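Student: I would like to go through some helix packing and a surface patch, with the criterion behind each label.
Tutor: Then we take the labels one at a time.

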Amino acid sequence: MGVEEQRAGKFYVERDVLDELCLDQVARRRTPSTTPPLKERVKDSLRCSMPKLKRSVLSTLPVLSWLPRYSVRDNGLGDLISGISVGIMHLPQGMAYALLASVPPVFGLYTSFYPVLVYCILGTSRHISIGTFAVISIMIGSVTERLAPDSDFTFLNGTNGTAVLDVTARDAYRVQIAASTTVLSGLFQVLLGMVRFGFVVTYLSEPLVRGYTTGAATHVVISQLKYIFGIHPARFSGPLSQVYILIDICRHLPETNIGTLVVSLVALVVLIVVKELNSCYEKKLPLPIPIELIVIVAATLISYYGNLNSQYDVAVVGEIPRGLKSPCLPDVSLWGTVVGDAFAVAIVGYAINISLGKTFGLKHGYKVDSNQELVALGLSNTVGGFFQCYSVTSSMSRSLIQESTGGRTQVAGVVSSVIVLITVLQLGTLFGELPKAVLSCIVFVNLKGMFKQYLDIPALWKSNTVDLLVWLVTLVCTILLNLDLGLAASIAFSLLTVIFRTQLPRYSILGQVPGTELYLDTDTYEEAKEIPGITIFRSSTTVYYTNAELYLDALQKKSGIDVGKLLTRKKKRDAKKKRKDKKEKKAKKENGVNGHLPNGTVHPEDKVDVEKGSPDLKENRTDIALTDRPTNGQVNWAYEQQWTGLDLGSETGSHGDDAITQTSSTVGEETRGRSSDTHTIILDLSTASFVDTVTVMMLNNIFRDYREIDIDIYLAGCQVCVVEQLSRASFFSESIPKSRLFTTVHDAVLHSLRLQGASDVPIYECALDMACTTKM
């Protein structure tokens, strides 16, 4: 049995035409509240009360807001399992990413311990895992290798004259550089967070961040090839250094250590296969197989019992000291050298951290405070730097494990820190025989997610070519110019794309959809018809100093009215008229004395001259008849522009009819069939979000110039903030009253038509028919 129900509804709108003055009265505009003086605001900020103190403490130490309400019954088991899983991941990744930072592996374990504890106290995200990350590690490594190259620690052996590298001194200085850079980076983040500068990350668009991390992944791969092949290429720095390093690696390939290569290939195969199994059976496995830890343990045992280091010259991690390092002050003298790198690390680390944190926050329904995250990450880096850690941020792989295994709070981070602490205190010395090639393989496999970002290229090609261009330019700049210069160049290019897009907006002439108050682009909608005598002009973006001149040019081109030429022609005509009036007065005087008979009749000879007419008189009479078309008692010079062919015909000797036909055809093409008798131009400013002084000057000039040629200008659709800015800039005056500003385009159209005395004012009714059909 089928039942159909149909419901239809209509609504009608009847109101007065509203300009800005009428709108203020009808809508009862509020008086803008005055901002308290600076002295009062400072006093208010210094006042202390218990609620205010409580809010300040809870916002500074978010752990106090959730820890007292922590439910062991609901969250304890999930956080425990999650913390153990993430802690197991911290061990191989900490040691592996330490190679990227060019510091001994044990310092990667320190970095997986201290900063994690600090973030658990200060962070607002419940699911992200703070610690080592490939991109940040390679950024730190580029600084340490630049300031502490192997050549500075190489000396000649006095016995046999061979070059010897002092690895202990080199590593100690590199750790000092990494710690100093980390402390400075953390201070940058803390200061930016304290001044509420968390919005700075908005200037790093998603295509830019993804292109940058993909380029950084390329740096990671190139830096680890020497461990995979067991070779010792030269070090290069500056632009194109990655190209030079890759060429040098190819040159050293004949020197590949076969034992190291075999270890690398076996480790890669095992890691890739088991990780793919983890992905395929993700829903069936209660926990992912900790293949990285298994490979590290197995490789250490094989290396130890097979004497890979002594027999096959396979490079190993070396001695790992037991216990924790005591805190020490960073080398402040290095800050002047690493300030640019530290700032880049601070911005990139925060961008990765906040994007990941907000992703989990939206997914699980809680708020992540961007400014507090900046402070939390900054203090994690600052405190970690005093304990000889290097910069940290959140890791996508560890954060996904922490969430998927049941982690609900940062208690999971505390548990993972305990796992790392036990390893450092008791188990770290057991990994001394671990081949470095295995750690490089772990790094390679964990870059899978970053290299999958190359799939952004076809997706962006279909959706947004400008974002694709940002992505590609960022990738190329990051690879060729290195990480610091590449980031600066990428941000500059990204901002330039925004500027170029505002400089090249879409300019439209709007027409009315019959029977409605809708005004749409006539190029896009066939039913949008232009109203005779009225030109409605709109830009798709805000008008400001970079595109104000382009806006003015587009207005003249789209409307078909060249104000400059019309004003020049008007001045010439006025001058010509004055000269003509002088001649007429002079002729009348002379005629009054010599050319008239006593009864006031004209002398017969003069009468004959007037009837025959000189060519000049004929020309003047023709001009007046065809161009002096009155509009409200005045000459409409925009209308006269359409008849310039007459003057051209007179000047060039063309026949009048041919000139009229040719010019009318040309104008018809330029104005796309609009009526030539334009009396009103309406500027739709609904897309404007602000106006600057250049825009105000341009609007003033438009009102002044078009007034000279007797065309009315109206503004429509201005937002409240735009109206306020225009008022502060003294835009409104006796010549440009607020009555020239209308609430909507339709209000401006109705006002213009009624002012022109039009009998066919488009009265419309707005009807909405809704049909709902239901079958049962």
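Tutor: Helices here are DSSP runs of H or I with at least four residues, and they are numbered from the N terminus. The model is predicted, so local features need pLDDT of at least 70 and side-chain atom pairs count only at pLDDT 80 or more, while totals for chains, interfaces and linings use all residues. Residues are numbered from 1 along each chain as its sequence is written, and side-chain values use heavy atoms, with hydrogens and water left out.

Student: Which helix gives the most to the nonpolar patch?
Tutor: Helix H3 (residues 50-60) does, with 4 residues. Leucine 53 is found in H3.

Student: What makes the nonpolar surface patch of about 570 Å²?
Tutor: Met50, Leu53, Val57, Leu58, Leu61, Leu64 and Ile121 make it. Patch residues have over 30% relative accessible area (Shrake-Rupley, 1.4 Å probe) and no salt bridge (a Lys or Arg side-chain nitrogen within 4 Å of an Asp or Glu carboxyl oxygen); nonpolar side chains are joined within 5 Å.

Student: Why is H10 called oblique to H22?
Tutor: Helix H10 (residues 206-229) and helix H22 (residues 465-503) pack at about 45°, with their axes 8 Å apart. Angles under 35 degrees count as roughly parallel, over 145 as roughly antiparallel, 65 to 115 as roughly perpendicular and the rest as oblique. The angle therefore makes H10 oblique to H22.

Student: What residues form the contact of H10 with H22?
Tutor: They divide into 11 nonpolar, 10 polar and 2 charged.

Student: Why are H5 and H17 called roughly antiparallel?
Tutor: The axes of helix H5 (residues 72-100) and helix H17 (residues 396-404) cross at roughly 160° and come within 8 Å. By the cut-off already given, H5 and H17 are therefore roughly antiparallel.

Student: How do you know that H15 is roughly parallel to H17?
Tutor: Helix H15 (residues 335-364) and H17 have axes that cross at roughly 20° and come within 11 Å. That angle makes H15 roughly parallel to H17.

Conventions
Axes fitted to C-alpha atoms, helices over the stretch in contact; angles between N-to-C directions. Helix = DSSP H or I, 4+ residues; strand = E, 2+ residues; numbered from the N terminus. Nonpolar A, V, L, I, M, F, W, Y, C, P; charged D, E, K, R; others polar. Patch = residues over 30% accessible without salt bridge, like charges linked within 9 Å, V, L, I, M, F, W, Y side chains within 5 Å.
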